[in-house]
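Here are my notes on the model, point by point. Please read them with the structure open.

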Amino acid sequence: MTERQIQRAIIDAVHLTPQTWAVHVPNALPRARGASDAAMKAIQSALTRDGRAPGFPDLVVLWRGGCAFLEVKTVKGRTSDNQDDWADRLVSMGHNYALVRSVSDALAALKAFGAPVRTLS
């Protein structure tokens with residue numbers, strides 16, 4: 001599965017539980033067909049001024065009284081330095097953070113954080 005497919009499957013699984021939401025935080029911008037390097041740089045710069053934070057986790061999961069930040073990777077995927085910095089920052093602030101590579105990983109982490117999710121059987 002691709003990272004996007006894993007992420008979408010996690011969102012679908014989380015949304016099976018009432019009062020639990022998963023929100024995607026888009027920080028990567030796909031290259032527009034035919035866009036020049038200068039145009040892409042201008043768009044990236046504008047998004048950064050608007051609050052884009054490179055490396056911020058892919059998903060924020062919210063439930064009554066809690067939240068968690070999930071970085072989604074494939075089995076072979078590696079985190080970037082920016083992603084590692086965000087992980088350290090969030091954990092040092094006392095937030096729930098997990099690097100997940102599957103729906104099962106995500107649901108297990110969320111359950112450990114106290115989220116009212118159903119694990120896969």
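1. Start with the loop between α1 and β1, where Gln19 lies. Gln19 is not a glycine, yet its phi is positive, about 65°. Is Gln19 buried or exposed? Its relative accessible area is 54%, so Gln19 counts as exposed.

2. A word on confidence. This is a predicted model. The mean pLDDT of the protein is 89, and 93% of the residues score at least 70. Which elements have the lowest and the highest mean pLDDT? Helix α2 (residues 37-49) has the lowest, at 75, and strand β4 (residues 96-100) has the highest, at 98. Where pLDDT is low, the predicted coordinates should not be read in detail.

3. Overall layout. The protein has four helices and four strands. From the N terminus, their order is α-β-α-β-β-α-β-α. The C-alpha trace spans about 50 × 30 × 30 Å along its principal axes. Of the 121 residues, 35% count as buried. Take the contacts between residues at least 6 apart in sequence: 64% of these join residues at least 24 apart.

4. Helix α1. This helix covers residues 3-14, and its 12 residues reach 16 Å from first C-alpha to last. That is close to the 16 Å expected at 1.5 Å a residue. Which residues of α1 are buried? They are Ile6, Gln7, Ile10, Ile11, Ala13 and Val14. These residues cover an arc of only 165° around the axis, so they sit on the same side of α1. Arg4, Arg8 and Asp12 are exposed on the other side. The cover over the buried residues of α1 includes β1 (20-24), β2 (59-63), β3 (66-72), β4 and α4 (103-112).

5. Strands β1 and β2. Their pairing is antiparallel, over five bridges. His24 stands opposite Leu59 in β2. Of the five residues of β2, four are buried, so the strand is largely enclosed by the rest of the structure.

6. The β2-β3 hairpin. β2 and β3 run antiparallel and are joined by five bridges. Leu59 has Leu70 as its bridge partner in β3. Two residues lie between the strands of this hairpin, where Gly65 takes a positive phi near 85°.

7. Strands β3 and β4. How do these two strands run, parallel or antiparallel? They run parallel, with five bridges between them. Glu71 stands opposite Leu99 in β4. Together with helix α3 (residues 81-92), β3 and β4 make a right-handed β-α-β unit.

8. Helix α3. The end C-alpha atoms of α3 are 16 Å apart, which agrees with the 16 Å that its 12 residues should span at 1.5 Å a residue. Gln83, Trp86, Ala87 and Leu90 are its buried residues. After α3 comes Gly94, with a positive phi near 90°.

9. Phe69. This residue is found in strand β3. The relative accessible area of Phe69 is 10%, so it is buried. What does Phe69 contact, leaving aside its neighbours within four places in sequence? The contacts are Phe56, Pro57, Leu59, Val60, Leu90, His95, Asn96, Tyr97 and Ala98. For scale, Phe69 and Arg4 are 65 residues apart in sequence, and 16 Å apart in space from C-alpha to C-alpha.

10. Thr20. This residue is found in strand β1. Is Thr20 buried or exposed? Its relative accessibility is 2%, so Thr20 counts as buried. Not counting residues up to four places away in sequence, Thr20 touches Val14, His15, Val61, Leu62, Trp63, Pro116 and Val117. Val14, for its part, is one of the buried residues of α1.

Note on methods: Residues numbered from 1 in each chain as written. Predicted model: local features only at pLDDT ≥ 70, side-chain atom pairs only at ≥ 80, totals over all residues. Heavy atoms only, no water. pLDDT = per-residue confidence, 0-100. Expected span 1.5 Å × (residues − 1). Buried < 20%, exposed > 50% of the residue type's maximum accessible area, 1.4 Å probe, protein only. Arc of directions from axis to C-beta. Contact = heavy atoms within 4.5 Å. Pairing = 2+ DSSP bridges. Right-handed = clockwise from strand over helix to strand, strands pointing away.
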